[in-house]
Every structure is written in C-alpha cells, then in structure tokens.
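Hello,

Here is the structure we talked about handing over.

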Amino acid sequence: MAQKTAPDSTRRSERSRRAIYDAALALVGEVGYGKMTIEAIAARAGVGKQTIYRWWPSKSAVLLDAFLDLADQANAQLSEQAGLDEPATDIPDTGDLEADLKFVLRATVDEMTDPKFDAPARALAAEGVVNAELGAEFLEKLLEPQLQLYVQRLRASQERGEVAAHIDPRIALELWTGPLAQRWMQRTGTLTHAYADTLVEYALYGITPR
C-alpha cells in the first residue's frame, strides 16, 4: 500500500506568506493604510490572524515586507527587460553614464506612477515619519541599498575620469533622486520619462552656460 506524502509545510507557509503579501498590498490601495487592519489582511488572505502575528508584530511590518518583495519582483522584471539572465545587483554600466542613469530613473518613474507601488510606498513613507523604527528599517532595507547602487556606478565613472574625483557620490546622487522623490511625495508635478531625463541632464551638465 502506497504511503501518503506528508504535507509540505514549507510550501504551505510560502503560499500563506504570498497570500498575505498580496492581501496587504491590495488593501492599502483599496481602503488606505489607516483603515487597513491585521484582521482584514487575514480575511483577505484566507489565513488566521494568529498566522500573521506569528510572523509580524504589526500591519506596518507586514506592509514593509510585502513592499520589499514587490520591489524584488520589479527588479527581476527590469533585469529581464535589460536582457540579463539574473536579477540585477547594480546599475548598468555601458560606459555611457547619462544613458545608464536615464534608464534607471525612467524605470523608477514607471514604478512611482504604478498604483500597485504608489499606495504602499506612500503609506510606508508617511508612517515612517511618525514611526521611527519603521522609518529606519525602510531606509536600511530598501532606500539606502538602492542609493548605494548609484554610489557604485558614480565611483566607476570617477575611476575612468568621467566624473570629477572630488565629487562625493552619496551627495551627487541626490541631484536627481531628491527632486524626483519630492515631486512624487508632494505631487508638485507629473512624473514622466522626459522629467527624469531632464533631471539627469541638469545634474550632469549644470544650468549655467558652458
């Protein structure tokens, strides 16, 4: 008599985790962060509330992990579009800094204007202002690693003499990431590829006559 195969708890846990991520991302877009609850996430995901609390201490922690997972998926998709076999771990270096920065900043604009990214990103950004622990975790796990990719790319250009040696890459990158984030957060204007391109051009070539 054939033995029954034991349930794969790891696979079951992964299905539950994925359902929880999907539920949190959907709910924050539908009802907003303020009205989103652990109970609603559990009901939407088809799991018990205790399952969520076993893995996360709060709804903000659930949303942060869900958003980090979403960012990983976006990176994998961007890498596929760039013709890479594996998810990119750095900014493309084609030897053309302007083109490489525009490529990445355009992809960032696409994410920022995608509703599935916009709602959770705004919720986490706002909550991070009043929740110092969440804000620090968001910076450590997502924002700073992304910014360091720009630092690495700029340093590579410095080594080839394409960027002035005295420039601090960590400050320089804020010439395009800062305005982009400000326009997105405060809705002071539309986010377009043309805007992203202009930020890169102003940052690299300045605004005074040459």
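**The annotated span**

The end C-alpha atoms of residues 37-56 lie 13 Å apart, and this span is 75% helix and 0% strand. Helices here are DSSP runs of H or I with at least four residues, strands are runs of E with at least two, and both are numbered from the N terminus. UniProt, in an unreviewed entry, places the feature "DNA-binding region" at residues 37-56. UniProt positions follow the numbering used here, feature names are shortened, and annotations may be inferred rather than shown by experiment.

**Ground rules**

This is a predicted model, with residues numbered from 1 along each chain as its sequence is written. Local features need pLDDT of at least 70 and side-chain atom pairs count only at pLDDT 80 or more, while totals for chains, interfaces and linings use all residues; side-chain values use heavy atoms, with hydrogens and water left out.

**Overall fold**

The protein chain has ten helices and zero strands. Of its 210 residues, 36% count as buried. Buried means under 20% relative accessible area, exposed means over 50%, and partly exposed lies in between (1.4 Å probe, protein chains only).

**Salt bridges**

The whole structure holds 15 salt bridges. Each is a side-chain nitrogen of Lys or Arg within 4 Å of a carboxyl oxygen of Asp or Glu.

- Lys-49 pairs with Glu-39, with the closest N and O atoms 3.5 Å apart. Lys-49 sits in α3 (residues 49-55) and Glu-39 in α2 (residues 38-45), so the bridge ties together parts ten residues apart in sequence. Lys-49 is partly exposed at 36% relative accessible area. Glu-39 is partly exposed too, at 42%.
- Asp-93 meets Arg-160 at 2.9 Å, N to O. Asp-93 is in the loop between α4 and α5, Arg-160 is in the loop between α7 (132-159) and α8 (169-172), and the two are 67 residues apart. Asp-93 is partly exposed, with a relative accessible area of 39%. Arg-160 is partly exposed at 41%.
- Asp-100 bridges to Arg-153, with the closest N and O atoms 2.9 Å apart. Asp-100 lies in α5 and Arg-153 in α7, so this pair ties together parts 53 residues apart in sequence. Both Asp-100 and Arg-153 are buried.

A network of salt bridges links Asp-93, Asp-100, Arg-153, Arg-160 and Glu-162.

**Helix α7**

α7 has a kink of about 45°, centred on Leu-139. The bend at a residue is the angle between axes fitted to the seven residues ending there and the seven starting there. Buried residues in α7 include Leu-134, Phe-138, Leu-142, Tyr-150 and Arg-153. Gly-161 follows α7, with a positive phi near 80°.

**Second largest pocket**

Its volume is about 440 Å³. Of the 25 lining residues, Ala-74, Gln-77, Asp-114, Lys-116 and Phe-117 are the closest to the centre. A pocket is an open set of points on a 1 Å grid over the protein atoms alone, where a 1.4 Å probe fits, with protein on both sides within 12 Å along at least five of seven lines; lining residues have an atom within 4 Å of a point. Points are joined across faces, edges and corners, and the volume is the space filled by probe spheres set on them.

The elements giving two or more residues to this lining are α1 (9-30), α4 (59-81), α5 (97-112) and α6 (115-130). α4 gives the largest share, eight residues. The lining divides into 13 nonpolar, four polar and eight charged residues. Nonpolar covers Ala, Val, Leu, Ile, Met, Phe, Trp, Tyr, Cys and Pro; charged covers Asp, Glu, Lys and Arg; the others, Gly among them, are polar.

Best wishes
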